[in-house]
Amino acid sequence: MKKLLGRIMLGISGWKLNTNNIDIDKERKTILICVPHTSNWDFYYSLACFWVMGVPFKMFIKDYYTKAWFGFIFKAIGCIGVDRNKRQNLVEYAVSLINNADKIAIINTPEGTRAYSDKWKQGFYQIAKQADIPIALCYADYRKKECGIMKLLKVNDLTFEQTLDEIAPYYSKEMAKYPENFNPKFY
């Protein structure tokens with residue numbers, strides 16, 4: 001049902017899916033970084049994209065969305081509410097979720113906000129490193145009206161800065177819905 005709904009969502013908006021012949025099913029566990037993240041519409045296209053690909057994802061969001069009267073919808077989608085006023089070790093929690101699942105993908109937006117960000121947060125890198133899983137470079141390109149996965153990246157022996165250097169060539173501000181909110185300098 002989600003696969004069909006995802007196809008309808010992409011079809012209505014005129015967007016297409018491009019997996020670059022990456023079989024995400026081969027990777028039973030992964031972290032999906034969704035970049036650029038400059039609009040709430042990024043969520044819509046990512047959701048449609050991952051549903052069409054059949055990716056069983058989880059994502060952390062403000063707990064308001066999971067506690068409000070409509071919270072059951074976000075929980076059904078795969079969202080996990082987080083109280084942002086409390087210090088929590090989300091990396092440790094995400095690694096635990098990954099280690100206890102047969103198949104899972106954790107969505108992460110390294111920019112951390114839809115507004116301009118000076119640098120990327122390290123959570124996605126720490127999760128990938130500690131859980132020993134690949135990072136899927138996912139995207140929503142508003143210029144091409146295309147979303148999907150560009151590459152799988154293993155970070156075993158890479159530092160955070162080396163990882164960002166590997167990732168940087170895949171993303172540009174021209175892809176973003178609001179290019180002025182995307183910082184091509186990640187650190």
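**View 1. Asp 141, a buried partner in a salt bridge.** Let's start with Asp 141, which is buried, with a relative accessible area of 2% (buried means under 20% relative accessible area, exposed over 50%, and partly exposed in between, using a 1.4 Å probe and protein chains only). Asp 141 forms a salt bridge with Arg 143, and their closest N and O atoms are 3.1 Å apart. A salt bridge here is a side-chain nitrogen of Lys or Arg within 4 Å of a carboxyl oxygen of Asp or Glu.

This is a predicted model, in which local features need pLDDT of at least 70, side-chain atom pairs count only at pLDDT 80 or more, and totals for chains, interfaces and linings use all residues. Residues are numbered from 1 along each chain as its sequence is written, and side-chain values use heavy atoms, leaving out hydrogens and water.

**View 2. Glu 166 meets Lys 151 in a salt bridge.** The N to O distance for this pair is 4.0 Å. Glu 166 lies in helix H7 (residues 160–167) and Lys 151 in strand E7 (residues 146–153), so the pair ties together parts that are 15 residues apart in sequence. Helices (H or I, at least four residues) and strands (E, at least two) are DSSP runs, numbered from the N terminus. Glu 166 is partly exposed at 36% relative accessibility, and Lys 151 is partly exposed at 24%.

**View 3. Asp 25 and Lys 103 join two loops.** Their side chains meet in a salt bridge of 2.6 Å, N to O. Asp 25 lies in the loop between strands E1 (16–18) and E2 (29–35), and Lys 103 in the loop between helix H5 (90–99) and strand E5 (104–108), so the pair ties together parts 78 residues apart in sequence. Asp 25 is partly exposed at 40%, as is Lys 103 at 28%.
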